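Good morning, and thank you for joining.

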Amino acid sequence: MADKEAGGSDSGPRGADQKAGGSSSPRETAPTSAYSSPARSLGDTGITPLSPSHIVIWWRTSELDVKRSGETRGSSLQKQQVVITTCELWLEGGTEPAFLLGLGLLQPLVWGLMWAGRRWEGGDPGVSNQKTPTTILLTPERKFHSFGYAARDFYHDLDPNEAKQWLYLEKFKMKLHTTGDLTMETDLTAANGKKVKALEIFAYALQYFKEQALKELSDQAGSDFGNSDVRWVITVPAIWKQPAKQFMRQAAYQAGLASPENSEQLIIALEPEAASIYCRKLRLHQMTELSSKAAVNGYSASDTVGAGFAQAKEHIRRNRQSRTFLVENVIGEIWSELEEGDKYVVVDSGGGTVDLTVHQIRLPEGHLKELYKATGGPYGSLGVDFEFEKLLCKIFGEDFIEQFKIKRPAAWVDLMIAFESRKRAAAPDRTNPLNITLPFSFIDYYKKFRGHSVEHALRKSNVDFVKWSSQGMLRMSPDAMNALFKPTIDSIIEHLRDLFQKPEVSTVKFLFLVGGFAEAPLLQQAVQAAFGDKCRIIIPQDVGLTILKGAVLFGLDPAVIKVRRSPLTYGVGVLNRYVEGKHPPDKLLVKDGTRWCTDVFDKFISADQSVALGELVKRSYTPAKPSQLVIVINVYSSENDDVSFITDPGVKKCGTLRLDLTGTSGVAVPARREIQTLMQFGDTEIKATAVDIATSKSVKVGIDFLNY
């Protein structure tokens with residue numbers, strides 16, 4: 001294998017995939033970067049390989065397994081008396097996301113006590129909630145004032161002129177998914193048009209949850225609980241890009257949940273994984289089956305799907321009356337339906353996104369293996385709200401709706417609350433109209449804006465399926481309401497159909513439908529109609545809290561997911577021996593008489609490759625020059641698997657290892673000094689390490705997607 005040298009650069013072109021050994025096929029010249037080549041700018045910090053292959057080490061950690069670094073997942077967990085998960089879930093088929101808190105107490109028989117919304121203030125008329133909406137209010141001085149219903153109600157009651165000075169934000173979670181260039185400096189826009197740092201808003205929200213949770217713990221235990229007594233779990237959608245996941249960790253650090261020095265106190269959990277962990281524990285009375293296959297919950301195949309819908313609706317109704325939940329860390333009856341190697345799909349349908357993940361069961365422990373990388377898209381219930389807004393624009397004019405949202409923000413909130421209540425009443429077999437109350441300020445402002453009445457606008461709009469009621473309401477036919485759901489549900493079904501075409505998903509046994517939007521009968525019917533003959537479709541009884549409960553179980557046993565799929569390709573930028581006719585001429589660098597090919601991406605792991613929990617990929621290098629005093633190794637990532645150079649499109653730098661080679665006085669240093677570079681995979685987050693074997697000096701870095 002040709003020698004290769006790791007280039008070191010703190011900025012520069014991003015590139016891609018190269019097999020160990022540096023071979024690459026002839027290709028077009030890579031695009032010119034705005035930065036100089038890492039090898040050209042910091043060539044004296046390079047290294048060459050000691051051996052032709054890397055070493056893969058599999059660590060199968062359990063709660064009592066000690067990792068080589070000296071850290072123990074189990075011992076770390078035992079230091080904490082409680083696991084708290086902060087899940088941002090979405091209201092049942094609702095317009096707004098909602099945060100919940102779950103508490104998992106470590107007892108001899110491990111169990112989790114779920115606490116959801118006992119102290120949330122406020123609520124919506126006609127809507128029963130265990131969750132509080134993701135709304136936050138800052139004072140004119142940009143200090144935290146309130147969260148959830150308290151924030152919304154206070155803002156609603158402000159004088160309109162005074163309200164213009166306050167910063168009110170809602171539904172801000174999706175900003176992390178939709179921002180392509182997310183950084184620590186990304187801004188959010190408040191209702192009054194003013195900008196505020198997204199990191200500040202998320203940190204305020206998490207700090208509020210921390211205070212609420214610690215107070216609740218102290219009240220229940222009768223003694224003070226401190227933050228050091230807690231392990232925190234924050235759930236995020238699996239389809240979020242890596243920068244968004246890292247952003248949540250940084251916000252948690254700023255909120256004081258944990259610190260970079262004690263990062264193990266905080267776990268980032270993927271929402272469909274959390275749901276999967278809980279679903280495998282289901283008991284018979286905790287689930288409803290919609291499919292036509294043999295039932296596991298006491299319903300025969302002859303029972304109608306409508307009966308399944310009715311059962312699901314009754315479960316939801318009863319569940320809303322309870323505020324405290326017990327999650328037992330035991331084997332449920334559905335376990336008896338699973339055999340070694342069985343596969344199942346979890347469809348996590350929330351307010352903003354839909355996450356799909358495929359797991360395979362490993363018996364007897366019940367560990368899980370991810371078979372296909374998490375997929376999905378922005379197909380949450382917010383899409384239904386967007387269709388309703390489009391309908392209003394069609395009737396009243398886009399210019400009016402935009403002005404109304406700016407001039408009467410509180411009235412706009414009232415209108416969406418009214419729509420939310422009616423949206424939840426949508427069902428496949430509904431025959432009577434749904435009435436949506438228009439706020440008086442909507443009717444009054446429209447008359448001033450247009451010079452004629454709302455009723456006149458409806459008559460002229462040619463929207464036949466929406467009528468005006470003399471009681472001040474829009475009367476929507478059931479078909480009209482169902483049409484608002486159709487684009488979002490069609491996107492979900494299409495995405496699922498694509499997933500079922502994959503070889504890994506061809507023999508799926510179960511499909512678990514979870515998340516707030518899963519409560520919508522229209523979505524249930526569509527999933528049943530499309531996939532009921534392919535697998536058994538299961539809806540957990542407390543479908544809106546499935547992720548929360550699973551996150552507590554994950555916090556108690558983070559090693560339950562044994563194998564994941566890597567979402568990205570990872571590697572380092574290196575120099576290879578230049579081969580005429582094989583390497584692009586613009587990559588040629590002559591250094592001390594040696595011809596090098598610069599900017600080669602040396603792959604550690606490929607996108608969508610299976611990686612075990614704690615798996616290490618290790619490479620051994622040696623300094624290119626014996627006189628080198630520092631080694632700089634840049635880590636790169638790409639969503640693609642077939643790239644060759646760090647200057648290729650889509651490749652991003654995500655870490656730098658800078659190792660000091662001084663201090664060798666009195667130490668016997670071999671002629672070919674060994675520098676080990678290691679990357680640890682399989683967890684929800686990735687770490688890289690470089691070690692100078694001669695001096696035992698080492699440097700670690702967490703993969704960073706926000707600061708490069």
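What is shown is a predicted model, in which local features need pLDDT of at least 70 and side-chain atom pairs count only at pLDDT 80 or more, while totals for chains, interfaces and linings use all residues. Residues are numbered from 1 along each chain as its sequence is written, and side-chain values use heavy atoms, with hydrogens and water left out.

Let us begin with lysine 549. This residue is placed in helix H17, residues 546-556; helices (H or I, at least four residues) and strands (E, at least two) are DSSP runs, numbered from the N terminus. Is lysine 549 buried or exposed? Its relative accessibility is 5%, so it counts as buried. Buried here means under 20% relative accessible area, exposed means over 50%, and partly exposed lies in between, with a 1.4 Å probe and protein chains only.

Tyrosine 278 is 271 residues from lysine 549 in sequence, yet their C-alpha atoms are 6.5 Å apart. Tyrosine 278 is among the buried residues of H8, as are Glu271 and Cys279. Because nine of the nine residues of helix H8 (271-279) are buried, the helix is largely enclosed by the rest of the structure.

I turn now to the loops. Most residues other than glycine have a negative phi. Arginine 142, in the loop between strands E8 (135-138) and E9 (144-147), has a positive phi, near 70 degrees. Lysine 171 lies between strand E10 (167-170) and helix H5 (175-178), and its phi is also positive, near 50 degrees. Arginine 142 is partly exposed at 33% relative accessible area, and lysine 171 is partly exposed at 24%.
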